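This report describes one chain of a model, from its overall make-up to selected contacts. The sequence and structure come first.

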Amino acid sequence: MNAKLAMVIDSAKCIDCKACVAACKQANHVSRGVWRNWIKEAAPPLENGKLGRGHFQPGACMHCDEPSCVAACPTGATYKNTADGTVVIDHKLCIGCGNCLKACPYGARFRDPVKRIADKCTYCPERRAAGLAPACVDTCPTKARVFGDINDPGSAAAQLLAANKGRVVRVIAKEKDTKPNMYYLASTAPDGWAVKPVDPLSFDALSQVVAPLVKYAVGLSGLGVLAMLGRQLLAGPKPEATPGHDTKEDGHDAS
Amino acid sequence: MSTNNLSHLSRRDFLRLAGAAATATAATAAQAVLAPEARAAAPAPAPAWESKFGVCDMCFNRCGLIARVEKGVITKLDPNPRFTKSRGMLCARGNAGVDQVYDPDRLKTPLLRVGERGQGKWKRISWDEALELAATKMKDIAAKHTRCGMLFSAGADTQSQFVNRFAEAYGSYNVTSHESLCLLSGNRAFVDTFGDVPLPDVRNSKYVILAGANRLEALVTPDSMDIVSILGQGAKVVVLDPRYTKSAALASEWHAIRPGTDMAFMLALANVIIAEKLYDAAFMAERTSGLDKLAAHVAGMTPAWAEAETGIPAADIARIARELAAAAPAAMVYPGRRSSDYENSTQIRRSFAIVNALLGNWDRPGGLVPARPAGLKKVPFEPPFYDDNPPGRVDAKSVPLLFDEEGSFVITRDAVIKGAPYPLKGWFVYKTNPMATAPERRKTREMIDKLDFMVVVDITMSDTAWMADLVLPAPSALERQDPVQALQAGAEGACLVWRDPVIAPLHESRPVFEVLKVLAGKLGFPEAFDFDIPKYREMQLAGLPEAAEILKRDGVFYPPNPPLGTTDGQPFKTPSQKIELYSTRYADMGLDPLPVYAAPKPSPDAARRFRLVAGRSACVTQASSTNNALLSEFEPENTLWLNDGAAKELGIKQGDVVQVESPAGKGELKALVTPKIRSDTVYMLTGFGSISGGLSRTRGVGASIVELMESRFDAICGNSAIHETFVSVRKKGAA
């Protein structure tokens with residue numbers, strides 16, 4: 001069985017200290033003003049006129065099993081690495097068109113203001129090759145982020161998933177379940193922030209966003225790009241958007 | 001230059017460390033270290049970087065770290081998994097340590113002031129010139145004003161001990177640190193109750209009351225991490241805070257206590273615990289003194305009485321008292337760290353200490369534990385005696401129980417301004433920044449204007465350095481060799497760390513040790529610095545022969561740690577040799593022997609309706625971190641937390657610029673309109689509104705809290721009292 005790298009987050013432990021965000025930026029030399037990961041704060045509930053228990057939600061690219069960003073990429077720069085399950089951007093192939101930014105329901109991608117290409121979480125391959133955990137996981141003060149191969153039952157991440165069966169939830173966009181591999185224990189608050197992925201193949205998007213960018217891309221990269229786009233166009237009908245909830249119980253079936 | 005005996009880690013070492021940590025410590029820290037897929041994957045290539053141990057310097061915690069160095073450049077800092085005090089973490093500030101090293105705002109050469117003080121006109125001079133000048137000025141001051149005419153102030157740093165040593169050899173009693181602007185009230189209270197400043201064993205606690213401490217933002221290792229761990233294990237954490245902090249957000253319960261009334265809450269807990277006899281009678285009889293007097297004192301201080309003071313329902317107070325006592329001795333009122341709040345903060349913290357005594361938690365798992373032995377030897381020397389010196393510090397006897405080795409910065413400052421009891425005309429400052437941390441900035445400025453000579457050693461042009469005559473560039477903590485430092489980690493025992501340079505010092509920076517060694521030679525007392533750092537470390541570690549090798553291997557050494565309870569039967573270091581519920585010492589000195597509650601005084605001016613409170617974010621260590629490139633992305637400016645109801649009354653909307661004013665000064669910053677703060681309280685971060693032209697990210701950005709705070713101090717120990725200020729708030733441009 002191939003590996004499936006994933007993050008299992010015990011968000012009840014998250015204190016919103018931003019250590020993971022800072023560590024990621026340092027490890028990956030992310031430009032000022034943009035971030036590969038985040039912590040979102042749930043609006044605290046009002047209980048008897050008093051603010052109730054808060055909740056913080058660490059996040060990043062969810063390395064989905066059905067990534068809408070891969071389908072949106074006209075050059076094949078974004079692809080799913082079947083060996084380890086990560087969604088990868090080949091920076092040499094990225095033309096900075098921005099399709100993938102809109103295709104990601106989680107806002108996990110951004111255009112690097114310096115390099116002018118798409119960027120996002122990579123699970124720190126250089127660190128993994130050296131036997132280290134991703135920077136955000138390594139540095140986390142409360143060890144809220146747990147990382148590993150969830151197809152390996154011996155991994156800490158798989159064990160945490162198994163131990164919390166029935167409590168595991170994921171953040172899922174209403175319009176499309178991209179089968180994210182970011183698992184939260186017990187709560188995904190704040191809910192409702194995942195947006196509708198913009199599919200570049202839809203007519204609206206084509207006419208408004210993609211067409212000029214594709215022209216630009218074709219101008220830049222020539223027929224190869226067009227061929228890749230053609231391949232995607234011929235790839236068949238997209239799966240129906242699943243009517244869903246923001247949070248979905250136990251996404252473990254994805255494995 | 002100091003010798004470089006760095007530890008190089010191979011990938012195998014990393015994995016060994018990780019594995020060892022997994023067995024030696026809680027799985028929490030270790031899980032993250034050994035990425036599971038690393039086992040399954042093909043053998044990974046050896047890392048193309050060097051890994052070297054370091055010790056973080058972005059706050060006082062000094063967490064162990066591993067620096068990644070590529071071609072002589074530090075590219076990443078990671079937690080040292082062997083350093084269990086931090087539970088294997090490095091916070092946002094720790095990660096931002098790289099930006100501190102390579103900050104373009106760093107001081108690069110010695111600078112001599114050539115314009116007016118504070119005008120920012122500097123001349124680059126050589127180290128030889130700079131040190132000759134400093135030595136000459138210090139000689140002049142000694143000749144004219146006695147040696148006590150020099151004030152020495154050093155911040156939290158592993159080399160600050162050398163500043164104190166230098167002051168002693170030079171002959172001045174006038175030494176202050178940052179502590180009298182921070183934590184002395186709490187220390188005073190616990191020393192006068194228990195004879196010691198204990199450490200909380202949070203990890204084993206079942207019930208923790210966090211009052212006056214925002215531990216999930218103002219990070220203290222290992223307490224902050226342990227609070228989260230025990231919450232997950234079902235322990236109860238009760239937070240009292242006028243703000244809905246992140247500690248409040250994640251606590252079992254949060255009470256928006258009226259600021260300044262914590263003592264009423266604590267005395268009501270004592271009332272319930274005593275009235276219902278929820279204490280361990282044998283422990284109280286054997287280990288404490290004054291229970292009868294305390295019982296009589298708190299007899300009327302019922303939960304109903306405390307409800308009227310604190311705003312916390314009586315039923316909750318009574319319930320908390322019972323729950324706390326039921327969890328005892330694995331229960332505590334968290335002692336806290338910064339306690340520079342009110343003029344009666346020592347007595348407030350005494351009430352914290354007394355409730356702990358009633359829980360019988362001394363030297364028990366989950367309670368308060370005495371500082372653990374570290375085994376470090378002092379490096380003694382014979383300080384000379386100068387018979388022309390005045391009898392004591394300028395702030396001596398200003399308050400009944402001054403810590404003689406710390407003094408009081410606020411009172412010392414007044415003495416300098418007045419020139420009495422004797423003139424103090426020179427100031428040596430190392431890595432502390434009173435212009436940004438002492439209340440009422442204009443008074444610090446006034447003090448500086450009285451000086452003949454002021455020299456600051458620091459890594460950036462702090463607001464204090466900006467006022468100096470001579471500024472000397474120090475290396476960052478990753479560029480220098482430091483003595484051994486003992487750190488306390490609660491019940492788990494002390495640990496020892498040291499620093500070796502991860503990279504060579506940048507620019508022309510020189511560690512303060514070298515500065516002082518040269519000055520000691522020029523001033524005629526070279527014998528006080530008759531060693532280098534390796535020799536000094538050897539002397540410190542004389543009783544721990546295996547420590548040096550282990551420090552090189554692991555970046556940290558754990559001396560033997562006696563089990564808890566070994567102090568049972570031993571006398572406490574108090575006059576009665578017991579835990580002093582009733583302080584005979586205070587009674588003898590005419591102080592309240594039991595904490596007497598007085599309701600906080602209302603604002604003297606109806607227009608100033610808000611009490612200003614200070615606090616921290618996990619991305620800010622006051623003014624030493626706000627100018628950091630990475631951290632400024634999280635906290636680019638400070639805002640004024642203003643209750644949404646109060647904002648509505650004042651016509652202030654989210655993001656409006658507001659003018660804040662107190663008798664001390666004023667400031668302008670954006671309003672953060674929020675339900676997360678009481679309507680009688682406002683809050684802002686420290687470290688903004690800087691005046692130094694050398695701080696490119698914070699100069700004139702946001703408001704300076706020290707511009708607004710009034711100069712109040714703790715009546716017993718002289719610690720700064722920074723929550724005694726009321727401010728007015730209005731929308732900028734409004735009438």
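## Make-up of chain B

Chain B has 26 helices and 26 strands; helices (H or I, at least four residues) and strands (E, at least two) are DSSP runs, numbered from the N terminus. The model is predicted: local features need pLDDT of at least 70, side-chain atom pairs count only at pLDDT 80 or more, and totals for chains, interfaces and linings use all residues. Residues are numbered from 1 along each chain as its sequence is written, while chains are lettered from A and ligands numbered from 1 in the order in which they are written.

## Overall dimensions

Along the principal axes, the C-alpha atoms of chain B fill a box of roughly 70 × 65 × 60 Å.

Of the 735 residues in chain B, 60% are buried (20 or more other C-beta atoms within 10 Å of the residue's own, with C-beta atoms placed from the backbone). Among contacts in chain B between residues at least 6 apart in sequence, 74% join residues at least 24 apart; a contact requires C-beta atoms, placed from the backbone, to lie within 7 Å.

## A three-stranded sheet

In chain B, 3 strands form an open antiparallel sheet in the order β1-β2-β3. Its edge strands, each pairing on one side only, are β1 (50-55) and β3 (73-79) of chain B. Strands pair if DSSP finds at least two bridges between them; β1(B) and β2(B) (residues 64-70) have 6. B:K52 stands opposite B:A67 in β2(B).

## Packing of two helices

Helices α11(B) (residues 262-275) and α15(B) (residues 314-327) pack at about 65°, with axes 9 Å apart. Axes are lines fitted to C-alpha atoms, for helices over the stretch in contact, and angles run from 0 to 180 degrees between N-to-C directions. Contacting residues include B:F265 and B:L269 of α11(B) and B:I317 and B:R322 of α15(B). By class, this contact has 11 nonpolar, no polar and 1 charged residues (Ala, Val, Leu, Ile, Met, Phe, Trp, Tyr, Cys and Pro count as nonpolar, Asp, Glu, Lys and Arg as charged, and the others, Gly among them, as polar).

## Contact with chain A

The contact takes 44 residues from chain B and 42 residues from chain A. On the chain B side, α9(B) gives the most, with 4 residues. The residues of this side divide into 31 nonpolar, 5 polar and 8 charged.

Notes:
Two residues are in contact if their C-beta atoms, placed from the backbone, lie within 7 Å. A residue is buried if 20 or more other C-beta atoms lie within 10 Å of its own, exposed if 12 or fewer, and partly exposed in between; C-beta atoms are placed from the backbone.
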